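Subject: Structure handover

Hello,

My notes come after it.

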Amino acid sequence: MTGSSGFIGSAVASALANAGHVVRGTSRRRSAFLDAVGVEWMELPDLEGSVDWSPLLDGIDTVIHLAAIAHRSHIDSGQYARANRLATANLVQACARHQVKHLIFMSSISAQAGSAADHVVTEQDEPWPITAYDRAKLAAEEEIRHAGVPFTILRPVIVYGPGAKANIAMMIRIAALPVPLPFGSFKNRRSLLSIDNLVQAVMVCLDNPQAINRTFIVCDPEPITLADMIATLREAAGRPPNLIQVPPLAVRALVIAAGRHSLWDRIGRDLVASSADLQKVGWCPRVATRDGLRAMMQAAIPQSQDSSR
């Protein structure tokens, strides 16, 4: 598994080890958590450079490729192309040489639909990537499809759970603020994905013949409005919702004026996806979105309260 010490990687590696699999985790930094659960660790070189995959793949039957450069500021398209497309192409070619039996690739819903859509997104839709990151993920998928290695591609929506970073961590901080928030009128719906449900998706696809050479969107079954999302987090923190009815267009104007058009797509527009295809091959998500959000917020309460002071 590449990217084994990250938010998703740690959860997947732990589940695999607990299920009795022998796991070799690769990442830039060693993780004491992985040592504790019995995962063999090897250092993963910088994906923007040349990587000798042979020692990492020696004796390996299945590869789970999670490592990538995620959405970041001040990164050019070439960096995304090198770390997310070219490194994946080199990995899958090495998998072919080592006769790896199955490659599971963690792509992103953004390879399918960017960060917003005006319809329910399915795998049958024509992909519509928007950013350099989105395009690099889609290009990596194509490299995998043409390499001849049995594969499963997963396209998760935004993943939440204890320890989540980036947009989810920002939402936790916002929900913890002891002030009214202007999201009462936000009825746009977003599909989210519990980390526990994502781990279960990987486990279902691992030895499932029906998952071979397939691409699956992964999301919790029920989307949630932004207003309900914030209210659920506040309820879990022991606060009243305290959401003010401000017209979304007014908030949009402020966000756009601040030069954060992509942020508006994520907080003000719809992105509802369907995981029906994955459920047909045996995936049964166990965590309901509101329950998962509550558990995440309760785990983060000490940190979020400190950050709101």
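This is a predicted model: local features need pLDDT of at least 70, side-chain atom pairs count only at pLDDT 80 or more; totals for chains, interfaces and linings use all residues.

Residues are numbered from 1 along each chain as its sequence is written, and side-chain values use heavy atoms, with hydrogens and water left out.

**Cores**

A nonpolar core here is a set of buried Ala, Val, Leu, Ile, Met, Phe, Trp, Tyr and Cys residues joined through side-chain atoms within 4.5 Å. Buried means under 20% relative accessible area, exposed over 50%, and partly exposed in between (1.4 Å probe, protein chains only). The largest core has 39 residues. Ile 8, Val 12, Ile 64, Val 121, Leu 154, Val 218 and Leu 278 touch the most other members. Two or more residues each come from α1 (7-18), β4 (102-106), α8 (195-206) and β9 (214-218). Helices (H or I, at least four residues) and strands (E, at least two) are DSSP runs, numbered from the N terminus. α8 gives the largest share, eight residues.

A second, separate core holds 29 residues, among them Ile 168, Ile 230, Trp 264 and Leu 293.

Back to Leu 278. Beyond four places in sequence, Leu 278 touches Ala 201, Cys 205, Phe 216, Ile 217, Val 218 and Trp 283. Contact means heavy atoms within 4.5 Å.

**Helix α1**

How far apart are the end C-alpha atoms of α1? They are 17 Å apart, which agrees with the 16 Å that twelve residues should span at 1.5 Å a residue. The expected span is 1.5 Å times one less than the number of residues. Buried residues in α1 are Ile 8, Gly 9, Ser 10, Val 12, Ala 13, Ser 14, Leu 16 and Ala 17. Their cover includes α2 (32-37), β3 (62-65), β4, β6 (159-160) and α8. Gly 20 follows α1, with a positive phi near 95°.

**Second largest pocket**

Its volume is about 460 Å³. A pocket is an open set of points on a 1 Å grid over the protein atoms alone, where a 1.4 Å probe fits, with protein on both sides within 12 Å along at least five of seven lines; lining residues have an atom within 4 Å of a point. Grid points are joined across faces, edges and corners, and the volume is the space filled by probe spheres set on the points.

The lining has 21 residues, and Val 22, Val 23, Arg 24, Ile 60 and Thr 62 lie nearest the centre. β1 (24-27), α3 (54-57) and β3 each give two or more. The largest share, three residues, is from β3.

**Single residues to look at**

- Glu 141 sits in helix α6 (132-145). Glu 141 is buried, because its relative accessibility is 0%. Outside four places in sequence, Glu 141 contacts Phe 105, Ser 107, Ala 111, Ile 153 and Arg 155.
- Gln 99 has a positive phi near 55° and is not a glycine. Gln 99 lies in the loop between α4 (77-97) and β4, and is exposed at 67%.
- Ala 166 also is not a glycine and has a positive phi, about 55°. Ala 166 is in helix α7 (166-175) and is exposed at 59%.
- Ser 275 is in the loop between α11 (261-268) and α12 (276-280). Ser 275 is buried at 4%.

Best wishes
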